[in-house]
Amino acid sequence: MRGEKAELIRRHMKESRVDPPPAPCMTDPEWRKVRSLPGNAPDVEAGVVAYRCAIVHSKTITELEYLPDGLLVVDHSREGLILDLLDVEHKSLEEVDEIALHAHAHEVVQFEGRIILPGLIDTHAHAPQYAFTGTGMHLPLLEWLESYTFPCEARFADLDFARDVYSKSIRRHLMNGTTTCSYFATLHLEASKLLVDIVREQGQRAYVGKVSMDRNSPEFYVESTEQGIKDAAEFVRYTKRTSIGPPINTGASSVPPRLKRVMSETRIVRDRRESLGSFTDLESPETSDPENEDAAMAAALAAAGESGTNGKAGGARDSGVMGKGRRSMSLCHSSYSSSSAASVSPSTGEGTPQVVAGRGAGNGNKSSCSATSVPSPRVQDRFDAFGDAPSPKGTLPPPPLVTPVITPRFVPSCTPEMLQALGDLSRAQNLPVQSHLSESQGEVAWVQDLHPECENYTDVYRTYGLLHERAYFAHCCHCSNGEQDVLKDHKAGVSHCPSSNFMLGSGVLNVRKLLQRGMKVGLGTDVAGGYSASILDAARQAIIASRCISFTEKDEQDQPYEALTIDEVFFLATQGGADVLGLGGAVGNFSPGKYMDAVIVDPKTEDGPLDMFDGEHLHAAFEKFLFLGDDRNIEQVYVGGKRVL
């Protein structure tokens, strides 16, 4: 009898809800109150839910928005699309229900005593190094790599070991509220594919890169140039083909007025490339079809045979020329970022409207892409599907759950042939690039010895086509002013990893200087150079690093250095990280038109790391969580509107 009743309940839930019922390990707690709204109300949509809770998110880099009683309206039939964000403080229950109905919600979910925050974004972590996190902190970078990193990563040829470590690594990041993470894997192709599979299984949003390294590495952990290039291309192909998500539900009806207004202001309906942007631009006809991916791999392999004689001529790639004897490809990129109409200037926190005239506009390169060029009519998948006619509601589709990222470990571990091939692959398929840059002074000197033909460390990446608006680099502690200018001109991002910088004795990055230059900056844990998988820890270390700089330095106007504020650091942990990854138009805060990546925080969790007292309200709870909180305070995690923890 009990089994029949359970089956009836499951059948009822399946018929009445858009999302599947939660897994047994994720049953709804008592503090999650669900109140259904009248189903016969006009324009009510089955997938739309209004979440009522205290809400905090970054409006700009200098302004946090605190809503002690907010209503976050989310369409779960379209992967967590945020329809509205409303202040309902001092509203009666009836008024809140009326507001929710007006927003087309079919139910109100109230998180009593909790805070909803945007999901935290980790722009730099080494998934395999989680195995030895918290050890080896007594060594400088290069010795640490030889003693700990390379021996551990070599073990990932064993897929059983890889699965064990990767499963725990991803889980730990999710437990710490990281909804999006950019991971380095290892040089092993199959283990890197496994990491992609595990990320998808656990529901995290991620950039994943198979590490490339064909020189200056131990014999037991190195790849040949030719095999490494083949494996990099195969990894990209595998990740793209396995990361295609379900189609967006286009059957929903009208849009709440505020979202209509947002769409009108950003001109999404008229031209999506003028608004929130797209995750990547449409690829050229030669590379947009999966059947032609072999051609892209062949081109990358061919590059290995030619690049050895190119030298500085490789810099021509900054103007869209693939080198002598190669075809020139018009492969401009329009990122799914907030660097366009709805963007925020990192230096001022003010909106910076920007109209993109054509596929090449504003991409940091000099390639001549015609404003009237017609993209290929065939849509491959979400990696190259953002650009034609808008959906019926005029919104951008969500980015893929997992994105492949070109990952040269760092310049010393990659031959010029490898760097050239990876740069060509990145540009041929509009792929992001992640690597390390100027982490330690010893590393910088080593790169100068290896590449005397280049002006500096940054110039090596530029020379081989790896520096563009989809590129982001960890550390950058010792970049000169000139290098910072080059990074800014190419619209590359910086992943600030203060914990690792401190623990490996690498240096202290002046983040304020980067922000004043208008550069994209996010935070990274850099596990296992950093001892914690928590972006909260990275945020705290970022403030400490900034304080340290303020003791001895002045700004460029010879004025006292201003340490980073709480508002700024939380922006770096959320929206700033999204901007670095090119996802600023999709996630990072709760602006309508983005997708619900969120964490539910309980500042009063029993036996937790912080205490609240009478008279303390939302501001105090948020600040205490930022400085004292940990995974014990994080009760639920959502990615794309789906609960994953």
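The model is predicted, so local features require pLDDT of at least 70 and side-chain atom pairs count only at pLDDT 80 or more, while totals for chains, interfaces and linings use all residues. Residues are numbered from 1 along each chain as its sequence is written, and side-chain values use heavy atoms, with hydrogens and water left out.

Next, select residues 178-184 and 205-209: strands E7 and E8 run parallel and are joined by five bridges. Phe 184 has Gly 209 in E8 as its bridge partner.

Stay in strand E7 and pick Ser 182. Is Ser 182 buried or exposed? Ser 182 is buried, at 0% relative accessibility (buried means under 20% relative accessible area, with a 1.4 Å probe and protein chains only). Its contacts (heavy atoms within 4.5 Å), leaving aside neighbours within four places in sequence, include Asp 122, His 124, Tyr 207 and Leu 581. The side chains of Ser 182 and Tyr 472 make a polar contact of 2.6 Å (N or O atoms within 3.5 Å, one able to donate a hydrogen and the other to accept it).

Finally, select Cys 181, which is buried at 0% relative accessibility. The disulfide count is zero, a disulfide being a pair of cysteine sulfur atoms within 2.5 Å.

Note on methods
Two strands pair if DSSP finds at least two bridges between them. Helices (H or I, at least four residues) and strands (E, at least two) are DSSP runs, numbered from the N terminus. Buried means under 20% relative accessible area, exposed over 50%, partly exposed in between (1.4 Å probe, protein chains only).
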